[in-house]
Amino acid sequence: MSTTSGANDPLPVKARQEVQDWAQHMTEYMAQSAGVALDAGSAEPFFNDCVGKNDEVAQDGRYKMSYAVYSSAPLEQHPEAVRKVRTMLEQQGFEIDGYRETTDGKVDTVLDASQTSSRYLITVETTTGGLLLFRVKTPCLMPPTAPGTTG
């Protein structure tokens with residue numbers, strides 16, 4: 001039995017609210033691990049259709065979600081915060097796909113992580129405006145009762 005995901009594997013079934021709730025919980029957990037507070041009201045969930053390699057869009061309700069929330073933690077705290085999140089994610093079984101704390105001697109954090117089993121992507125980074133961004137992205141998911149399906 002293969003443990004890798006294939007292009008023809010069935011999509012994971014998750015309700016949009018369930019996915020959004022998990023992303024909210026995960027970003028709150030990352031911020032808590034980092035020792036920073038999230039900015040109330042800055043959460044932005046975005047749901048998009050899944051688009052195929054030839055720009056096709058299935059009409060069965062499949063979707064992707066990107067959930068972003070910000071912290072106005074001082075810039076000098078970003079490297080330590082990202083280090084703490086990296087440690088927590090590694091302990092949770094995420095793979096670290098990219099990491100940096102500075103660019104040209106200036107704070108410019110980026111942490112990219114992924115989870116093989118769920119194919120969720122996590123990003124924590126310093127924004128152009130100096131905020132600390134926490135983002136969760138999902139792969140293509142199928143709602144529990146997709147329109148046009150039977151059974």
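The count here comes to 1 disulfide, and bear in mind that this is a predicted model. The bond joins Cys 50 to Cys 140, with an S to S distance of 1.9 Å. That sits within the 2.5 Å cut-off for a pair of cysteine sulfur atoms. The torsion about the S-S bond of Cys 50 and Cys 140 is about 120 degrees, so the disulfide is right-handed. Cys 50 belongs to the loop between β1 and β2, while Cys 140 is in the segment after β6, so the pair ties together parts that lie 90 residues apart in sequence. Both Cys 50 and Cys 140 are buried.

Now for the sheet. It's an open one, built from 6 strands in the order β1-β2-β6-β5-β4-β3, with antiparallel pairing. At the edges you'll find β1 (44-49) and β3 (95-103), each pairing on one side only. From one strand to the next, the twist averages 10 degrees. Take β2 (residues 63-71) and β6 (residues 132-137): these two run antiparallel and are joined by 6 bridges. Within that pairing, Ser 71 stands opposite Leu 132 in β6.

| Helix | Residues | Lies across | Angle |
|---|---|---|---|
| α1 | 16-34 | β1, β2, β5 (121-126) and β6 | about 30 degrees to β2 |
| α2 | 78-91 | β3, β4 (106-114), β5 and β6 | about 15 degrees to β4 |

On to the rings. The count comes to 2 aromatic pairs. In one of them, Trp 22 and Tyr 120 have ring centres 4.9 Å apart and planes at 90 degrees, so the pair is edge-to-face. It links distant parts of the chain, with Trp 22 in helix α1 and Tyr 120 in the loop between β4 and β5, 98 residues apart.

Tyr 120 comes in at 8%, under the 20% limit, so it is buried.

Arg 16 lies over the face of Tyr 63, at 4.8 Å from the ring centre. Then there's Arg 86, whose charged end sits over the ring of Tyr 99, 4.4 Å from its centre.

Technical notes
Residues numbered from 1 in each chain as written. Predicted model: local features only at pLDDT ≥ 70, side-chain atom pairs only at ≥ 80, totals over all residues. Heavy atoms only, no water. Pairing = 2+ DSSP bridges. Helix = DSSP H or I, 4+ residues; strand = E, 2+ residues; numbered from the N terminus. Axes fitted to C-alpha atoms, helices over the stretch in contact; angles between N-to-C directions. Contact = heavy atoms within 4.5 Å. Buried < 20%, exposed > 50% of the residue type's maximum accessible area, 1.4 Å probe, protein only. Phe/Tyr/Trp six-rings, centres within 6.5 Å; stacked < 30°, edge-to-face > 60°. Lys NZ or Arg CZ within 6 Å of the ring centre and 35° of its normal.
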